[in-house]
Each structure stands twice: as structure tokens, then as C-alpha cells.
Amino acid sequence: MYKKQMVFQKILCLLSIISAGIVFFYSLGIMTDLFDSLYSTMRKKDLTQTTVPGSYIYYEMQGFNQVFVKAAIGLILVTIVLFLTNTNTRRKYYIGNYIATALNAVYGIGFTVWAHVQIDFYRKKFLQIDFAALKEHAETWDTLYTESTFWFDIHYLVFGIVLVLEVLLVVNLFWKRNLMKEEAELIQKGKGANK
């Protein structure tokens with residue numbers, strides 16, 4: 001049983017670092033279409049004066065995006081703690097492994113909830129853009145025209161993966177604890193039989 005659990009925890013830690021990397025790349029890409037389609041609509045020094053009503057969302061999202069990128073880097077760093085404490089390979093867990101797992105679960109779940117609330121808020125604001133005016137602007141200035149909410153919607157998949165992995169890390173922790181307890185009981189029985 002230990003072998004299965006060890007393979008499971010190794011794969012789980014590897015998938016956790018990969019998913020953190022995906023979140024980081026997602027944080028870099030979320031503004032791509034907004035820049036290509038909305039940036040050129042602001043042609044005056046007063047950025048709230050745009051040729052397309054609602055396109056100011058591009059500037060409103062800048063602060064969020066900066067925090068989002070930093071939080072994604074934080075997720076990578078927190079996931080690296082799993083490897084620093086050898087949670088991916090350790091046969092027995094020590095206090096550092098419990099802390100690393102708890103830190104990952106709390107950070108990952110908290111980050112997911114925060115990101116979902118923010119992204120959903122900006123998705124609703126994006127849908128308030130005057131798309132007829134945006135289409136006219138895109139045809140006039142030869143810029144990207146999109147009504148797609150793909151970059152907003154994909155967060156369900158990206159953070160869904162993060163949530164599943166965080167839950168599996170906690171499940172793995174309890175599985176490991178049970179195996180350690182069973183092993184300790186077997187050792188005690190073996191010592192008792194030798195007396």
C-alpha cells in the first residue's frame with residue numbers, strides 16, 4: 001500500500017507545480033485580447049474618454065492583473081515548499097510536510113476564491129462594452145474585434161484543476177497518516193512478539 005501512496009504523492013506534487021505554472025501563464029495571458037482590442041480606443045489624455053463606451057475596463061483591470069501575476073508567482077513558491085520539505089518523496093511525514101501541505105491547501109483555495117470573484121466581476125464589466133462601437137472602431141483602425149469571454153471563462157478550468165489538486169493533497173495527507181499509524185502498530189506488535 002505504501003508504494004501506491006508514494007507514487008500518488010510524487011505525481012500529485014509534480015502536478016501541483018505544473019498547475020501553478022499554468023496559473024502563472026494564464027495570469028500573463030488574461031489581458032492579451034483586451035489590450036489588442038481596447039487599448040487603442042483611448043485616444044485622449046483623460047483615459048475615461050474613449051471612442052467605445054465600456055472599454056475603460058482595460059485600465060480598470062491593470063491593478064487586478066498586477067496582483068494576479070504576483071499571486072500566481074506566490075502559488076509557484078508555495079508549491080516549491082512541497083519539494084523543499086521532500087513531501088513528494090518522504091516515506092514518513094514530519095511537521096514540515098504537514099505545514100507544506102496545509103500552506104498549499106490554504107493558499108491554493110484562498111487564491112482560487114479571490115481570483116474567481118475578481119475575474120467574474122471583470123467578465124460582467126466586459127460584457128457591458130458597446131460592441132457595436134467596438135466593431136466600428138476595429139474596422140476603422142484595423143484592430144482586433146472580439147466579443148469572446150474565453151480568457152475570463154477559462155479560469156473555471158484553470159482554477160478547477162488547482163482546487164482538485166489541493167483537495168487531493170489533503171486526502172494524501174490523511175492517507176499517509178493512516179499508513180504511518182498502521183506501520184507503527186505493526187512495529188509495536190512485532191516488538192511485543194519478540195519479548
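Biologist: How many salt bridges does the structure hold?

Modeller: The structure, which is a predicted model, holds four salt bridges. One of them joins E60 and K125.

Biologist: What makes E60 and K125 a salt bridge?

Modeller: The closest N and O atoms of E60 and K125 are 3.0 Å apart. The cut-off is a Lys or Arg side-chain nitrogen within 4 Å of an Asp or Glu carboxyl oxygen, so the pair qualifies. The pair links distant parts of the chain, with E60 in helix α3 (residues 57-84) and K125 in helix α4 (residues 95-126), 65 residues apart.

Biologist: Why is E60 called partly exposed?

Modeller: E60 has a relative accessibility of 30%. Buried means under 20% and exposed means over 50%, so a value in between is called partly exposed. K125, at 24%, also counts as partly exposed.

Biologist: What makes K124 and D120 a salt bridge?

Modeller: Their side chains meet at 3.3 Å, N to O, and the limit is 4 Å, so the pair counts. K124 and D120 both lie in helix α4, four residues apart, which is about one turn of the helix.

Biologist: How do you know that D153 and R123 form a salt bridge?

Modeller: The N to O distance between D153 and R123 is 2.6 Å, and the cut-off is 4 Å, so the pair is a salt bridge. This pair links distant parts of the chain: D153 is in helix α6 (residues 150-153) and R123 is in helix α4, 30 residues apart. D153 is partly exposed at 28% relative accessibility, and R123 is partly exposed at 24%.

Biologist: Which elements make up the protein?

Modeller: There are seven helices and zero strands. From the N terminus on, the order is α-α-α-α-α-α-α.

Biologist: What share of the residues counts as buried?

Modeller: Of the 195 residues, 38% count as buried. The protein exposes about 11100 Å², and carbon and sulfur atoms supply 65% of that area.

Biologist: Which residues touch the most other members of the largest nonpolar core?

Modeller: They are M61, F68, F111, I119 and F159, in a core of 30 residues. Helices α1, α2 (32-38), α3, α4, α5 (131-141) and α7 (155-194) each supply at least two residues of this core. Helix α3 gives the most, with eight residues.

Biologist: What is F159 in contact with, leaving aside its neighbours within four places in sequence?

Modeller: F159 is in contact with V23, Y26, F68, F111, T112, A115 and I119. A second, separate core has six residues, among them L12, C13, L82 and A100.

Biologist: Which residues make the nonpolar surface patch?

Modeller: V7, I11, L14, L15, I18 and I22 make the patch, which covers about 510 Å². L15 lies in helix α1 (residues 2-29).

Biologist: Why does L15 count as partly exposed?

Modeller: L15 has 38% relative accessibility. That value falls between the 20% and 50% limits, so L15 is partly exposed.

Biologist: Why is I76 called partly exposed?

Modeller: I76, in helix α3, has a relative accessible area of 22%. Buried would require under 20%, so I76 is partly exposed. Not counting residues up to four places away in sequence, I76 touches I17, A20, G21 and F24.

Biologist: What is phi of N86, and where is N86 found?

Modeller: Phi of N86 is near 60 degrees, a positive value in a residue other than glycine. N86 is found in the loop between α3 and α4, and N86 is partly exposed at 33% relative accessible area.

Biologist: What makes D142 exposed?

Modeller: The relative accessible area of D142 is 71%. Exposed means over 50%, so D142 is exposed. D142 lies in the loop between α5 and α6, and phi of D142 is near 55 degrees, a positive value in a residue other than glycine.

Terms used
Residues numbered from 1 in each chain as written. Predicted model: local features only at pLDDT ≥ 70, side-chain atom pairs only at ≥ 80, totals over all residues. Heavy atoms only, no water. Patch = residues over 30% accessible without salt bridge, like charges linked within 9 Å, V, L, I, M, F, W, Y side chains within 5 Å. Areas by Shrake-Rupley, 256 points an atom, 1.4 Å probe, with all protein chains shown as cover. Buried < 20%, exposed > 50% of the residue type's maximum accessible area, 1.4 Å probe, protein only. Core = buried A, V, L, I, M, F, W, Y, C linked by side-chain atoms within 4.5 Å. Contact = heavy atoms within 4.5 Å.
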